Amino acid sequence: MMGKPLRIAIDGPAASGKSALAQRLAAHLGYAYVDTGAMYRAVTWAALNKGIPLTDEDAMTRLAESLDLDILPPTVADGRPYTVQVEGMDVTWALRSPEVEAAVSQVSAYPGVRRALAHRQRQIGLRGRVVMVGRDIGTVILPEADLKLYLDADLKTRAQRRYQELRDRGEIVSFEEILEAIQRRDALDQGREVAPLRPAPDAIVLDTTAMNIEEVFHRVRLLIEEQCQETTHVAG
Ligand code: CDP
């Protein structure tokens, strides 16, 4: 790698701070922020909306292959990092509902669904100047990424963060339910056969349990600066 990393992959379990870090990094570097979780959520939302049984793997695969899905810069200034449209409909906040949250890991475990979305994701990633977030970016989607980060934190801490996030948006949720939902999703994401959640062998693992987002961002900026200096040194 020469100079700044052109492709940054960020993976990790639910509510580990991936999106918050990615948004700051992308803004700092002038890169695109690409949240692959939104794509799995969009397919899940569409299936629930159309009444497609989530257990019908073939139907779910066809849906992922054919879905009219767009991720755009924010169209409303309500704190959203991007706008997601499914068949022209703004589903940005609907993707965060407990129904989608409860079903998404079942959908994302289907190899056909992953194949369909992975293709779209890789095309975007290969353009470069991108911070891409998900579960399998460093391992499957962009194994050639210049910088791979794996964010982790205690289950309780992550549940607390998600709880606070939802409360801040005015939603009435119970901490226990959030914790259980996260735990269930992590188990499915780690246990599936295709592209399970795990750090790539060359990923830098950051435990963010005792760090706030500004501290994580600072740490990663230092990592990038070090990496730039090392490559300049080797090259020179
Ligand atoms: O924000 P949070 O970490 O809670 O979730 P997300 O990143 O939006 O991902 C939602 C779900 O999509 C995950 O629990 C995975 O089941 C799936 N996913 C995946 O399988 N692969 C990815 N690259 C991204 C998300």
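**Close-up views of a predicted model**

**View 1. Residues around the ligand.** In this predicted model, the ligand is surrounded by 19 residues, and the closest of them are K18, R41, S108, R114 and D189. Sorted by type, the residues of this shell comprise 10 charged, 5 polar and 4 nonpolar.

**View 2. Polar side chains at the ligand.** Three side chains are picked out here, those of T36, R185 and D189. In the side chain of T36, an N or O atom is 3.0 Å from a nitrogen atom of the ligand. R185 has a polar side-chain atom 2.8 Å from an oxygen atom of the ligand. For D189, the distance from a polar side-chain atom to an oxygen atom of the ligand is 2.6 Å. The ligand taken alone exposes 530 Å², and 99% of that is buried by the protein.

View 3. Helix 2, helix 4 and helix 8 each provide at least two residues of the shell around the ligand. Helix 2 covers residues 36-50, helix 4 covers 98-108 and helix 8 covers 175-191. The helix that gives the most to this shell is helix 2, with 4 residues.

**View 4. The second largest pocket.** This pocket has a volume of about 350 Å³. Its lining is made of 16 residues, and those nearest its centre are Y33, V34, I71, L72 and I124. The lining residues of the second largest pocket divide into 12 nonpolar and 4 charged, with no polar ones. At least two lining residues come from each of strand 2 (32-35), strand 3 (69-72) and helix 5 (111-126).

**View 5. The pairing of strand 3 with strand 4.** Strand 4 spans residues 83-86 and is joined to strand 3 by 4 bridges. The two strands run antiparallel. Within strand 4, V84 is the bridge partner of I71.

Technical notes: Residues are numbered from 1 along each chain as its sequence is written. This is a predicted model: local features need pLDDT of at least 70, side-chain atom pairs count only at pLDDT 80 or more; totals for chains, interfaces and linings use all residues. Side-chain values use heavy atoms; hydrogens and water are left out. A residue is near a molecule or strand if one of its heavy atoms lies within 4 Å of it. A polar contact is a pair of N or O atoms within 3.5 Å; within protein, one must be able to donate a hydrogen and the other to accept it, and residues adjacent in sequence count only if both atoms are side-chain atoms. Accessible areas come from the Shrake-Rupley method with a 1.4 Å probe; for residues, only the protein chains shown count as cover. Ala, Val, Leu, Ile, Met, Phe, Trp, Tyr, Cys and Pro count as nonpolar, Asp, Glu, Lys and Arg as charged, and the others, Gly among them, as polar. On a 1 Å grid over the protein atoms alone, a cavity is a set of points where a 1.4 Å probe fits but cannot get out, and a pocket is an open set with protein on both sides within 12 Å along at least five of seven lines; lining residues have an atom within 4 Å of a point. Grid points are joined across faces, edges and corners, and a volume is the space filled by probe spheres set on the points. Two strands pair if DSSP finds at least two bridges between them.
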